[in-house]
Amino acid sequence: MPHLIPARVHRWVLRIVHGLRVHWWRWRRSKLVDCRVVAIDTRGRVLLVRHSYGSGVWMLPGGGPRSGEEPLATAARELREETGCILEGAIEVAAPDQTANPVAYVVVGRTSGTPRADRREIIEAAFFAPDALPEPTSRALASRLPEWLDAYRASAGA
């Protein structure tokens, strides 16, 4: 049904709902679980997205798991939902700190195809060389990305 709502209205609602969720999580001190996807194309570039809500920085696609969903399944679903791309040969590269909030899983795998932004939740989606990330990108992503890519190459023999 979201396709029946004009994209501009949908983005406005997402910004409001996101802000309310953040306040709710802080008030409730909810334990959050997040899964981020490092999707690599055939040229070794990494897929990043910009959301229509939140900080506006370029980030890895991803999101929260559904009830009982494992990180690899979450990663594949979120990548497909956010960009239309399919995740292949994925592995979990970072064991999350279970005491942290959010508990963050990182999954790395290969993808092909052209990412598409739905212009509602995702306003931009594009591949970037790992050593030439766009601005604004978080310092945490820029500093941890080489570690995740190295772990993937070592585990996957890529």
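Predicted model: local features only at pLDDT ≥ 70, side-chain atom pairs only at ≥ 80, totals over all residues.

Analyst: Residues are numbered from 1 along each chain as its sequence is written, and side-chain values use heavy atoms, with hydrogens and water left out.

User: In what order do the elements of the protein chain run from the N terminus?

Analyst: Helices (H or I, at least four residues) and strands (E, at least two) are DSSP runs, numbered from the N terminus. The protein chain has 3 helices and 6 strands. Their order is α-β-β-β-α-β-β-β-α.

User: Is S52 buried or exposed?

Analyst: S52 lies in the loop between β2 (46-51) and β3 (62-63). Buried means under 20% relative accessible area, exposed over 50%, and partly exposed in between (1.4 Å probe, protein chains only). Because its relative accessible area is 9%, S52 is buried.

User: How far apart are the closest N and O atoms of R66 and E81?

Analyst: A salt bridge puts a side-chain nitrogen of Lys or Arg within 4 Å of a carboxyl oxygen of Asp or Glu. R66 and E81 form one, and their closest N and O atoms are 3.1 Å apart.

User: What separates R144 and E147 along helix α3?

Analyst: R144 and E147 form a salt bridge, with the closest N and O atoms 3.0 Å apart. Because they sit 3 residues apart in helix α3 (residues 139-156), the separation is about one helical turn.
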